[in-house]
Amino acid sequence: MGNRSRSEHAARAGEFDAFVAGAAGRLLHVATLLTAETRARNPYAHALLTAALAHAYAVLDRGGDEDPYALTRDELALRFARTAWRHRAGRGGILGALTPGERLVLVLRLYEGVPEEQTAALLGLPEARVRAVCARAVARLRAAGASREAA
């Protein structure tokens with residue numbers, strides 16, 4: 001490796017470190033919502049985020065010009081979708097009453113503000129399905145909230 005390529009690599013690594021320092025908290029919260037764990041105990045969320053960050057670093061180190069936050073968030077969502085069977089039952093998080101698919105769509109659409117068409121493309125679903133899943137998830141959360149208030 002020549003001096004120029006080493007310095008470019010070091011610069012990219014420094015930029016990625018700065019990105020992680022600024023975005024890791026929010027991305028960990030996204031992972032925690034997806035896994036329906038609590039903030040105090042979220043080992044699956046940590047593992048998902050670590051893998052997603054490693055993937056993003058590898059892609060960006062190859063010279064990718066993508067937005068590192070969007071790249072990491074999308075990788076986090078896809079990794080969660082592939083391992084959702086592990087996260088069927090919530091572990092005490094606020095979204096624990098939802099199915100993994102409902103949590104995934106709800107977090108992307110409402111917490112992250114990803115447009116419906118982009119969410120559908122990322123997950124390989126029709127837009128109508130994303131819309132229906134999101135509406136069902138919101139209705140289930142409202143019903144859960146109403147039953148808690150009544151108790």
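Phe16, Phe19 and Tyr57 form one aromatic cluster. The model is a predicted one, in which local features need pLDDT of at least 70 and side-chain atom pairs count only at pLDDT 80 or more, whereas totals for chains, interfaces and linings use all residues. Residues are numbered from 1 along each chain as its sequence is written, and side-chain values use heavy atoms, with hydrogens and water left out.

A search of the whole structure finds two aromatic pairs; rings of Phe, Tyr and Trp (its six-membered ring) pair if their centres lie within 6.5 Å, with planes under 30 degrees apart counted as stacked, over 60 as edge-to-face and the rest as tilted. Phe16 and Phe19 form a tilted pair, at 5.5 Å centre to centre and 50° between the planes. These two residues are three apart in helix α1 (residues 3-35), and therefore about one helical turn separates them; helices are DSSP runs (H or I, at least four residues), numbered from the N terminus.

The rings of Phe16 and Tyr57 have centres 5.1 Å apart and planes at 65°, so this pair is edge-to-face. Because Phe16 lies in helix α1 and Tyr57 in helix α2 (residues 43-61), the pair ties together parts that are 41 residues apart in sequence. Phe16 is buried, with a relative accessible area of 9%, while Tyr57 is partly exposed at 27%; buried means under 20%, exposed over 50% and partly exposed in between, for a 1.4 Å probe and protein chains only.

In helix α3, the buried residues include Tyr69, Leu76 and Phe80.
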